[in-house]
Amino acid sequence: MSVVVKLSNVHKSFGPLKVLDGVSFEVARGEVVAVIGQSGSGKSTALRCINALETIQQGSIEVCGHAVHDEKLDKRKLRLDVGIVFQSYNLFPHLTAEQNIMLAPTCVKALGKKAARDIARDCLARVGLSEKADHYPEQLSGGQQQRVAIARSLAMQPKVMLFDEVTSALDPQLTGEVLKVMEDLARGGMTMILVTHEMAFARKVASQVVYMNKGKVWETGPGSMLDAPTTPELRDFVGSGL
Amino acid sequence: MPSFGLVHLEFLAIAAFWTIGLSAVAFIGGGMLGFVIALMRVSPSRLVRGIAITYVQVVQGTPLLILLFLIYFGLAIIGFDQLPAIIAAGIGLTIYSSGFLGEIWRGCIESVPKTQWEAAECLAMTRWQRMTRVILPQALRIATAPTVGFLVQIVKNTSLASVVGFVELAQAGKLINNSIFQPFMVFVTVAVFYFIICFPLSAWSRGLERRLNVGRR
Amino acid sequence: MTYQFDFSSLLPYWQQFAEGLWLTLQLSAISTVLGFVGGALCAIARADGPPWLQRVVGAYVEVIRNTPLLVQVFLVYFGIASLGLMVDANLAAVIALVVNVVAYTCEIMRAGIESVHKAQVEAAECLGLNRRQTYWHVVLRPAIERVYPALVSQYVLLMLASSITSQISAEELTAVANRIQSDTFRAFETYIVVGLLYLALSFVVRWAFWGFGMLVFTRRRKLGTAL
């Protein structure tokens, strides 16, 4: 299996605060990796580093052949290969669901209106929101907004998708509909890295679970690792979380 | 031709006091009338609200210059053609200020959450008590920044009082310029005077606004 | 009190009223368009330009906002004249109005630009939009939509404030009124008529902006948000 994302000994500090302290892990094509851990463990920062939203001080990050740690990195080329979905959706409020999705294909890939609209329709169908194409974000529920955000990322046909606590702002019922979409994506072979608090989802869908603690990768293994943690920290975390 | 000198500066300084005086008249008069307008705007009676809305729309939809002319010539028609200029200027600016302040303050009153009205109502307070004890104190806090901000508009608009013969800063500048014709020198100096009066008010208003926003967060 | 109102003696002047009204409209329209473009550019410079430019624009905005339009009009008109240049009053009026309204537009637009959340920009960048595309689609467009009502109020005020240029005899509505009242000695009636014309114009301008907003901002139209 080819490696799509590779972090090696990544260090990152915000001023005096050390957030990532020698983080290393690999993600192969088609893998679904769940990064878990307490808040403040550095998991979201690690994800943001992969997409060059944060710069790192030491170590290397390779994503689809892009050297992300390199100062000369062309961020726009990187982002053609990597999609990201945020906790707070970040849909553009002045555009409809469909226009939100069409924006990047028309701007970045210079597709025509019609081609972009076809893609948008297709992506909306994949997240089960075909009938909401002409709705504005404020007319949609949180779960629907998040699904549109996923569709927006999908439209750029990324090789890897990052999910940054995408269900944390949603109530349980809406969480379900978003997780369902993500599960479908995983089954379709998408390479995914998700920072999440949904243990059950991680156990069921992830091919690899990365438990982070104090800025380090504390424990890593298949989903079943959550049933038999080896470190006391993960045992505590799983015990309190479920 | 004489050039711009200390005499002119002194003349402008005196005129600046008239500008401030007229601003004070407009603010106090406009504030009192504006307060009434603001209360009328939130009145339960549709008629009262309608009168206030019409008043505000007429004042905000007519140039101050025209308003001043109307009052000046209107006063002459009803026989007051020997009045000092500050009367017509004061009335005109009072009406102008009341139209805008009334609307600003209405916004402040309405931005007090509805639940506050309901809470006060549930305590069996009368409408007047609710207004004076619960709503207005809260509205006042919100209103300070925009009110100080509007003070700047008043000061600047007193410059139009020159059209009814009131000698304030702008008119003084024009008179000086007529005699020495050094427009850059004269009007830049006049502008500096205005700036010295207005800038502290603007900065104060911004400061108040910032503090209010921090307090609300 | 035996004043006899007499509006009929104004009737022969209807054409001059109309011409003044037309010039007022032209002055306002030109100043609004130039003021919007200039103000938008200044706002971008003020919010995201290099530090020295931010300071320059900031100083300009403060100076304009803290001095009266009348003084600005005098400065432009008499100032240019004192340089020995022949200056058309209407042109001086437009220059002064534009210089003035650019500053106000800048301040309103800057508030709009700064109200756009950083996460929005981040999201656009993650979709691969470049700086210019991000700025236009994600910052400027929603910012303009948000501050549109404030801009409209400002431009209605501008239309009314254009009356001030009568003080340098730009031939707009107020200047026309000044001339007619000195011809007819019917000052009060003249200013009543002109006042009503301004009032009507302010409603028309407001409606026009409202209609334009509905046309441009589809979201407002769809959600029925008041403009």
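In this predicted model, 31 residues of chain B are in contact with 30 residues of chain C, two residues being in contact if their C-beta atoms, placed from the backbone, lie within 7 Å. The elements giving two or more residues to the side of chain B that touches chain C are α3 (64-77), α6 (127-157), α7 (169-180) and α8 (183-216) of chain B. Helices (H or I, at least four residues) and strands (E, at least two) are DSSP runs, numbered from the N terminus. Residues are numbered from 1 along each chain as its sequence is written, while chains are lettered from A and ligands numbered from 1 in the order in which they are written. Because the model is predicted, local features need pLDDT of at least 70 and side-chain atom pairs count only at pLDDT 80 or more, whereas totals for chains, interfaces and linings use all residues.

**The side of chain B that touches chain C**

- Helix α8(B) provides the largest share of this side, with 10 residues.
- By residue class, this side of chain B holds 22 nonpolar, seven polar and two charged residues; Ala, Val, Leu, Ile, Met, Phe, Trp, Tyr, Cys and Pro count as nonpolar, Asp, Glu, Lys and Arg as charged, and the others, Gly among them, as polar.

**Annotated spans in chains B and C**

- UniProt positions are given in the numbering used here, feature names are shortened, and annotations may be inferred rather than shown by experiment.
- For chain B, an unreviewed UniProt entry assigns "transmembrane region" to residues 12-40, 52-80, 86-105 and 184-204.
- Residues 12-40 of chain B are 100% helix and 0% strand, with end C-alpha atoms 40 Å apart.
- Residues 86-105 of chain B are likewise 100% helix and 0% strand, and their end C-alpha atoms lie 27 Å apart.
- For chain C, the unreviewed UniProt entry places "transmembrane region" at residues 20-45, 66-85, 91-109 and 190-217.
- Residues 66-85 of chain C are 70% helix and 0% strand, and 28 Å separates the end C-alpha atoms.
- Residues 190-217 of chain C are 96% helix and 0% strand, and 40 Å separates the end C-alpha atoms.
- The feature "domain: ABC transmembrane type-1" is placed by UniProt (unreviewed entry) at residues 21-209 of chain C; this span is 84% helix and 0% strand, and its end C-alpha atoms lie 18 Å apart.

- Leu93(B) belongs to helix α4 (residues 85-110) of chain B.
- Leu93(B) counts as buried because it has 28 C-beta neighbours inside 10 Å; a residue is buried if 20 or more other C-beta atoms lie within 10 Å of its own, exposed if 12 or fewer, and partly exposed in between, with C-beta atoms placed from the backbone.
- Beyond its neighbours within four places in sequence, Leu93(B) is in contact with Leu22(B), Ala26(B), Gly30(B), Ile154(B), Asn157(B), Thr158(B) and Ala161(B).
- Ala124(B) lies in the loop between α5 (114-122) and α6 of chain B, and its phi is near 65 degrees, a positive value in a residue other than glycine.
- Ala124(B) is exposed, since 7 other C-beta atoms lie within 10 Å.

**Overall form of chain A**

- Chain A contains eight helices and 10 strands.
- The radius of gyration of chain A is 18 Å, which agrees with the value near 18 Å for a compact globule of 242 residues; the radius is taken over C-alpha atoms, and the globule rule is 2.2 Å times the number of residues to the power 0.38.
- The C-alpha trace of chain A spans about 55 × 45 × 35 Å along its principal axes.
- Of the 242 residues in chain A, 49% are buried.
- Among contacts in chain A with a separation of 6 or more, 62% join residues 24 or more positions apart.

**Strands and a loop in chain A**

- Four strands form an open sheet in the order β2-β1-β4-β5 (chain A), with antiparallel pairing; two strands pair if DSSP finds at least two bridges between them.
- β2 (17-28) and β5 (66-67) of chain A stand at the edges with a single partner strand each, so one side of each is left without a neighbour in the sheet.
- Strand β4 (residues 58-63) of chain A pairs with β5(A) in the antiparallel sense over two bridges, and Glu62(A) stands opposite Ala67(A) in β5(A).
- Strand β6 (residues 82-85) of chain A runs parallel to β7 (residues 160-164) of chain A, joined by four bridges, and Val85(A) stands opposite Phe163(A) in β7(A).
- Ala52(A), in the loop between α1 (43-50) and β4 of chain A, has a positive phi near 60 degrees.
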